[in-house]
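Here are my notes on this structure, as numbered points. Please read them with the model open.

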Amino acid sequence: MKKYAVSYTLISPSVAFILIFMYYPLLSALFHSFTKWDMVTTHWIGFANFGRVFSDSIMGLSVSHQLIFTLTDLLKSIIPPLIVAELIHLLKGKRAKYLLRTGFVLNMLVPGMVGTLLWLSIYNPSYGLLNQLLKFLGLSEWTRAWLAESGTALWAIVMSGFPFISGVSFLIFYAAIGSLNNEVIESSRIDGANGWQVFTKLHIPMLTPQFKVLIILTIIGSLQDFVKVIVLTNGGPGTATVIPAYTMYGAAFASSEYGYASAIGTCLFVVILGLTLLNMKFLKTKW
Amino acid sequence: MKLGWFPRGIVVAVLLILLILTLVPLFLLFFLSAKDNLDVLIDFWGIPAKIKWENYQLAFEAIKLSLCHSLFVCMVTIFGSLLFGSLTGYVMARHTFPGKQLIYIMLLGVMMIPGILTIVPLYSLIVMLKLDHTFWGLILPYVAGSQLLGILLCRTFFEGIPNELFEAARMDGGTELYLYRKIALPLSVSILITIGLVTFLSVYNDYLWPLLVLDQSQQTFTVAAVNLSSGGRQDIGLTFAAYVLGSIPTIILFSFGMKYYVNAMLNGAVKA
């Protein structure tokens, strides 16, 4: 063993960190989802927490909101960045391309939380940009407290970040389009394919790996992104914007039902894992 | 490529409109940070007669401590995650030992564990270790998570370095740590900068963990920023000035590191 001692010693910090702060909490979460747990005492209660997850009316509501968020997140993370990346590639000038590419990632200069807080201010009833703009256009009767009315709160969260050209998705598409196999595209052009055909018949299939990565990342991110909900609406008004992850957070840190919270977390974990595997299976790479 | 079916003018116009819409929040940030409270409420669209620098002065007083906390936590986390990530990446690239593949899979398997699942037990662990209300309660879990990217990228990178370089130094009696310090690390500066930048962004931006673990007096920038914007009597100009000040660290880092970051992205960090 001695000749391997150096190797084991050098990797031991990494391994220790992972075991203590990743695998131990993982096992603890899975175990405690079958218990009533207040962080001091633990009682085994079998599947009771899971039964509650599936019968709780707030959970039902949370899941339906989550479906809306995840579906719109997928559309937002793919369509606008792809369109912009394609349009920039249509331009000829190197300088124009560079300037636009830089312009569309400028928002990354601001920490994400500041971005969310800026949208909080845009929806503010008194000084928010949205209401101010409506007043400016003479549409005062359309103004409202966007995040505080149950009719608009959910869609106000969905629309935050408009027009959804996020830096990372955009860069992924921009890079991928730039490195597509040009010979195939050129020869199809010579055969008389127009721009739209090149886009739908060649670009989209060739971009499958990028779609795959973005779909997985977006779903995983979407199911876990409840900080946005905490900051923008705190789940409200009432329960108008609750999602499962937010319900889990509330179960744990507002009502100290750590076992129930762990069960919600375990369900999310299973859903994330399942969707990731499905996604990898069905979106096989062609190119 | 020829435009054919699409007139160039329309492409440029569409792109410019989208660009302006994308940057609206950024304009708003600087615009409102320069205005007086009354000014915002009464004459929202008016260009301020004179920039209210006082906003920045007051905002700095309000958030300087939280900025220091954030920067401290970021620096220590980056140091830890770069050190452990590159060491493990080095060993995984250049050594063979029993169980190597298993350990590597175990390390990367962590990426399949969603953060949401471990929030509750990790919090209970931090309390059990008496690390709540300390910055270590943030830093240690951050290092555990953020070293993974380092391990992954450093392993790939170190595998690409020609073996002769290491063999020559080993002949001269260099120890493993010597090889790592004198050969591997200096060659990997640009990759380490990228990893550091990504780590900084995620740690600086985290809201939940500082909110749960730290005292009010230890709050980080994100927590302070949310508090400022949700208080009852809000000073709008001051709040926006605080957002601007809190963005300075990311602006500085990006102006140095953007090149590396964008190149890493463009050169197929995600080339599947």
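1. Start with Arg155(B). Arg155(B) is buried, with a relative accessible area of 11%. Buried means under 20% relative accessible area, exposed means over 50%, and partly exposed lies in between (1.4 Å probe, protein chains only). Arg155(B) forms a salt bridge with Glu159(B), and their closest N and O atoms are 3.1 Å apart. A salt bridge here is a side-chain nitrogen of Lys or Arg within 4 Å of a carboxyl oxygen of Asp or Glu. Because Arg155(B) and Glu159(B) are four residues apart in helix H6 (residues 136-159) of chain B, they are separated by about one helical turn. Glu159(B) is partly exposed, at a relative accessible area of 44%.

2. A word on the basis. This is a predicted model, in which local features need pLDDT of at least 70, side-chain atom pairs count only at pLDDT 80 or more, and totals for chains, interfaces and linings use all residues; side-chain values use heavy atoms, with hydrogens and water left out. Residues are numbered from 1 along each chain as its sequence is written, while chains are lettered from A and ligands numbered from 1 in the order in which they are written.

3. Other salt bridges. The structure holds nine salt bridges over all chains. One of them joins Lys52(B) and Asp36(B), with the closest N and O atoms 3.1 Å apart. This pair links distant parts of the chain: Lys52(B) sits in the loop between helix H2 (37-42) and H3 of chain B, Asp36(B) in the loop between H1 and H2 of chain B, 16 residues apart. Asp36(B) counts as partly exposed, at 34% relative accessibility. Glu167(B), Arg170(B) and Glu176(B) are linked in a network of salt bridges. In chain A, the side chains of Glu149(A) and Arg144(A) meet in a salt bridge (3.3 Å, N to O). Glu149(A) is partly exposed at 30%, and Arg144(A) is partly exposed at 32%.

4. The interface. What do chain B and chain A bury between them? The figure is about 8500 Å², 81% of it on carbon and sulfur atoms. Buried area is the accessible area (1.4 Å probe) that two parts lose on being put together, summed over both. Helix H1 (residues 8-33) of chain B gives the largest share of the side of chain B that touches chain A, 15 residues. By class, that side has 71 nonpolar, 17 polar and three charged residues. Ala, Val, Leu, Ile, Met, Phe, Trp, Tyr, Cys and Pro count as nonpolar, Asp, Glu, Lys and Arg as charged, and the others, Gly among them, as polar. In terms of contact, 91 residues of chain B meet 91 residues of chain A. Contact means heavy atoms within 4.5 Å.

5. Chain A overall. Chain A has 14 helices and two strands. Helices (H or I, at least four residues) and strands (E, at least two) are DSSP runs, numbered from the N terminus. The C-alpha trace of chain A spans about 75 × 70 × 35 Å along its principal axes. Of the 287 residues of chain A, 53% count as buried.

6. Helix H10 of chain A. This helix covers residues 195-206, and its buried residues include Phe199(A), Leu202(A) and His203(A). The buried residues of H10(A) pack against helix H3 (57-90), helix H8 (167-178), helix H9 (182-190) and helix H11 (208-224) of chain A. At the start of H10(A), a side-chain oxygen of Asn194(A) reaches to within 3.1 Å of the backbone nitrogen of Trp196(A).

7. Two buried sites in chain B. Asn55(B) lies in helix H3 (residues 54-94) of chain B. Asn55(B) counts as buried, at 0% relative accessibility. Leaving aside neighbours within four places in sequence, the contacts of Asn55(B) include Ser33(B), Lys35(B) and Gly237(B). Pro249(B) lies in helix H12 (residues 236-266) of chain B. Pro249(B) is buried, with a relative accessible area of 14%.

Methods: Polar contact = N/O pair within 3.5 Å; in protein donor to acceptor, adjacent residues only side chain to side chain.
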